[in-house]
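Here is a short report for a reader meeting this structure for the first time. Look at the model below, then read on.

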Amino acid sequence: MKLKTTFPKGFILFSSVLLLGIFIVENINHRFWLNDFRVYYGAAQAMISGTPVYGTLFALGSGYFKYSPFTLLLVMPLCMFQYPVACIIEYMVLACSIIALFMVCGQIINQYLFYERLKKPGWILSVVFICSLNHLVRELHLGNINVILLLLLCLSVYFILQGKHVLPGILIAVVVMTKPFFILILLPLVLRKNYKTMLSFSVSIILFLVNPAVVIGFPKNIQLHREWFQTILDHNSSFPSNNTIENIIRTYVSPGLAGSAQFFIMIVIVMAYFILYFYHTSGERKNPSDDKIKTSNLVMETFLLIAILPSIFKTDTQHFLLSVPLLIFLVYQSAVTKNYFLIGALFLLVMMYGLNSSDLLGKNLSMKMDAAGILGISNLFILASSLFVYFKFMRKAIPA
C-alpha cells in the first residue's frame, strides 16, 4: 500500500521560523560554534592530509573523532569551504532534516498506526516540536547528526512500508556505519524475514568498509578501522551518563551495581523484544487478512527499539531525540481519543523530558535533575506509555 504524502504547511512554516530564530540568536550571542561538527570537519581534513584521525583533539571537551572512516567521506565535500561557511551549510542540512523527520514520522504514524486518521496533523507535529525543542537546540548548537540518522531510519521504515527493500538496507547501513549500536534495529527485519533488505544492508556494509581505501589506500584503511574499533570501546567505558538504565538502577536501587550490568541489561531488553514479537505475531495469525496489523506492529517495534538505545548505551542527552517518533505517537493518540487523563500524564512526562535547561531552571537545579537521571527516567516512561497505549488501542481496533 502506497503512502499518500501530505505536506503540513503550517508546521513547515512554524518550524522554519523557529529554526531561523535559533540560527540568528546563536550568531548574535557569538555561540554559533558547532563543536561536534568541528570534530567531523577536522577529522576529514586530517584524512585528506594523511595526519592522525583518531586520538587527536579537534575541539574542546570530548572533541575526539569516534565514527567510522566511511563517515568522513560524507563530510569531505564540506572541506572545500572555509569552516564558517561549512557551518552554515551544516546548520541548513540539520534544519531541513529536522523538518523532514517530523513530517515523515507524522505521515507513517497517521497512516499506519491509526485506523482513524487526522486530516490536519500539523498542529500535533508543532506541539512535539516544542516539547523536544530543548534537545533540538542542543543538537543544532553542537552541529551533531542524530536527527539525520533518525531521519534515515524513519525513511527506511517509510520505504519498507511502500514495498521497497534495497534503499532501506542502504540507509540502515549508513546509520550503523556511523553509530554501530543502531544494529539492534535489525531485529524486526531479521525475525520478519525481510531478506532483501538484509542482503542490501550486508552488501552496503562491506562496500562502506572498503570505500575509504579508494582515498587512503588499503593498508591505511585497515589501520583506521582498527583505531575506530578501539575508540568505540574506550568511549563506551569512559563516557559519563546519568540517564542509562544501568545508572538509574545504580542511583535508586543498587549503588554497588557491577560495571558489567550493561551487558545483562541488553540481554534482558533483547529477550523482552522477542516476547513482544511473538505476542504480535500470535495476533497477526489470528487476523491474517488484516495487513495493517502487521505493518503497525513493525512500525511500533522499530520505534521502540530506536527509542530505547540511549537508555542502554552511554551517550549525550541529545540522543534522546530518538524518542521523538514515540512522542508523536502519544500526542496523536491523545488527539484521537481526547483522553484527558492521558493528556495530563503526557504533559507531566514532557516536563521531565524536555525542560531540563539551565536557561529555564538555573544551573543548580538543572545539574540536580541531570544527576538524578530524570531524562532517562522520562524516556523509560515514554517507552512504557507507548506500549500501554498501543496495546489498549489495538485491542479496540482489531476485529474480534
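## Helix α15

Helix α15 covers residues 291-312, which is 22 residues. From its first C-alpha to its last, α15 reaches 32 Å. That is close to the 32 Å expected at 1.5 Å a residue. The model is a predicted one.

How much of α15 is covered? Mostly, the helix is: 20 of its 22 residues are buried.

## The chain as a whole

The C-alpha trace spans about 65 × 50 × 50 Å along its principal axes. For 400 residues, a compact globule would have a radius of gyration near 21 Å. The chain has 21 Å, so it agrees with that value.

Buried residues account for 54% of the 400 residues. Take the contacts between residues at least 6 apart in sequence: 78% of them join residues at least 24 apart. The accessible surface is about 18,900 Å². Carbon and sulfur atoms hold 70% of that surface.

## A nonpolar patch on the surface

Which residues form the nonpolar patch on the surface? They are F347, L348, M351, L355, L360, L361 and L365. Together they have about 640 Å² of accessible area.

Two helices each supply at least two residues of the patch: α17 (340-354) and α18 (358-361). The largest share, three residues, comes from α17. M351 is found in this helix, α17. Its relative accessible area is 36%. Buried would need under 20% and exposed over 50%, so M351 is partly exposed.

Now for the backbone. Most residues other than glycine have a negative phi. L34 is not a glycine, yet its phi is positive, about 50°. K193 is not a glycine either, and its phi is about 60°, also positive.

Where do they sit? L34 is in the loop between α1 (9-28) and α2 (35-49). K193 lies in the loop between α9 (187-191) and α10 (195-210).

Is L34 buried or exposed? L34 counts as buried because its relative accessibility is 0%. K193, by contrast, has 57% relative accessibility, so K193 counts as exposed.

Conventions: Residues numbered from 1 in each chain as written. Predicted model: local features only at pLDDT ≥ 70, side-chain atom pairs only at ≥ 80, totals over all residues. Heavy atoms only, no water. Patch = residues over 30% accessible without salt bridge, like charges linked within 9 Å, V, L, I, M, F, W, Y side chains within 5 Å. Areas by Shrake-Rupley, 256 points an atom, 1.4 Å probe, with all protein chains shown as cover. Salt bridge = Lys/Arg side-chain N within 4 Å of Asp/Glu carboxyl O. Helix = DSSP H or I, 4+ residues; strand = E, 2+ residues; numbered from the N terminus. Buried < 20%, exposed > 50% of the residue type's maximum accessible area, 1.4 Å probe, protein only. Rg over C-alpha atoms; globule rule 2.2 N^0.38 Å. Contact = heavy atoms within 4.5 Å. Expected span 1.5 Å × (residues − 1).
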